[in-house]
Amino acid sequence: MSWRTNLCLVLLALYVLETTSVPHQFDVHIHNDIGGVEYKLVTHCFSGDDDLGTHILKPNQERSWSFHDIIWPGKHSVFVCDFLWKNLYNRFEVINTGWPNMCDTLNKPGGRTYHWSVKSDGFYLAIGDNPVPSDYVFKDSWQGPRLNKSINV
């Protein structure tokens with residue numbers, strides 16, 4: 001083989017090693033912080049590869065899961081959740097490893113841990129280990145009546 005072929009093989013090997021490094025582990029927590037003993041929260045979370053099923057959270061309960069990010073250039077892990085409380089509904093991405101500023105988030109301590117607090121007025125997010133109430137930022141509100149949306153319970 002020529003030196004150019006060898007150089008190309010070395011560069012290709014370095015690229016493969018860099019792009020297929022150990023994937024990041026992410027942790028997602030969803031907390032039912034609606035309050036009141038009768039306020040159960042129904043969640044159904046899924047990605048393109050995984051259906052995490054339907055869960056009914058009583059007040060002050062949480063559900064959580066962990067996953068490893070996709071290690072393919074240009075691909076991202078995305079988890080979407082359906083939320084149902086009383087007759088209110090919402091669906092949105094609870095994590096997308098391709099979100100803008102994700103690189104900044106990953107470099108912070110606990111930057112791979114996402115805590116969603118579901119309240120009567122909407123959805124709040126805190127990123128990091130052991131967040132305190134002031135860490136949560138309002139992200140979305142309930143979208144109104146469930147209408148034709150369905151969550152298998």
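1. The disulfide. This predicted model holds one disulfide, a term for a pair of cysteine sulfur atoms within 2.5 Å. Its partners are cysteine 45 and cysteine 81, with sulfur atoms 2.0 Å apart. The link is right-handed, with 110° about the S-S bond. Cysteine 45 belongs to strand 2 and cysteine 81 to strand 5, so the pair ties together parts that are 36 residues apart in sequence. Strands are DSSP runs of E with at least two residues, and helices are runs of H or I with at least four; both are numbered from the N terminus.

2. Basis of the model. The model is predicted: local features need pLDDT of at least 70, side-chain atom pairs count only at pLDDT 80 or more, and totals for chains, interfaces and linings use all residues. Residues are numbered from 1 along each chain as its sequence is written, and side-chain values use heavy atoms, with hydrogens and water left out.

3. Which order do the strands take in the open sheet? The order is 3-2-5-6, with antiparallel pairing. Strand 3 and strand 6 (88-96) are the edge strands, and each pairs on one side only. From one strand to the next, the twist averages 15°. Angles of this kind run from 0 to 180 degrees between N-to-C directions, and the axes are lines fitted to C-alpha atoms, for helices over the stretch in contact. Two strands count as paired if DSSP finds at least two bridges between them. Strands of a sheet pair through backbone hydrogen bonds, either parallel or antiparallel.

4. Strand 2 and its neighbours. Strand 2 covers residues 41-46, and five of its six residues are buried. Five bridges join strand 2 to strand 3 (residues 51-57), and the two run antiparallel. A hairpin of four residues connects strand 2 to strand 3. Strand 2 also pairs with strand 5 (residues 78-85), again in the antiparallel sense and over five bridges. Valine 42 shows both contacts. In strand 5, the bridge partner of valine 42 is leucine 84. Phenylalanine 46 stands opposite aspartate 51 in strand 3.

5. Strand 7 and its neighbours. Is strand 7 mostly covered or mostly uncovered? Strand 7 (residues 113-119) is mostly covered, with six of its seven residues buried. Six bridges join strand 7 to strand 1 (residues 25-32), and these two run parallel. Aspartate 27 stands opposite threonine 113 in strand 7. Six bridges also join strand 7 to strand 8, and that pair runs antiparallel. Strand 7 and strand 8 form a hairpin with two residues between them. Across that pairing, tryptophan 116 stands opposite leucine 125 in strand 8.

6. The salt bridge. How many salt bridges does a search of the whole structure find? The search finds one. The term means a side-chain nitrogen of Lys or Arg within 4 Å of a carboxyl oxygen of Asp or Glu. Side chains of opposite charge can pair when their charged atoms come close. In this model the side chains of arginine 91 and aspartate 82 meet, at 2.5 Å from N to O. The two ends differ in cover. Arginine 91 counts as partly exposed because its relative accessibility is 47%. Aspartate 82 counts as buried because its relative accessibility is 1%.

7. Two asparagines with positive phi. Where is asparagine 60 found? Asparagine 60 sits in the loop between strand 3 and strand 4 (62-68). Its phi is near 70°, a positive value in a residue other than glycine. Asparagine 60 is exposed, at a relative accessible area of 69%. Asparagine 130 lies in the loop between strand 8 (122-127) and strand 9 (137-140). The phi of asparagine 130 is near 50°, also a positive value in a residue other than glycine. Asparagine 130 is exposed as well, with a relative accessible area of 70%.

Key: Buried < 20%, exposed > 50% of the residue type's maximum accessible area, 1.4 Å probe, protein only.
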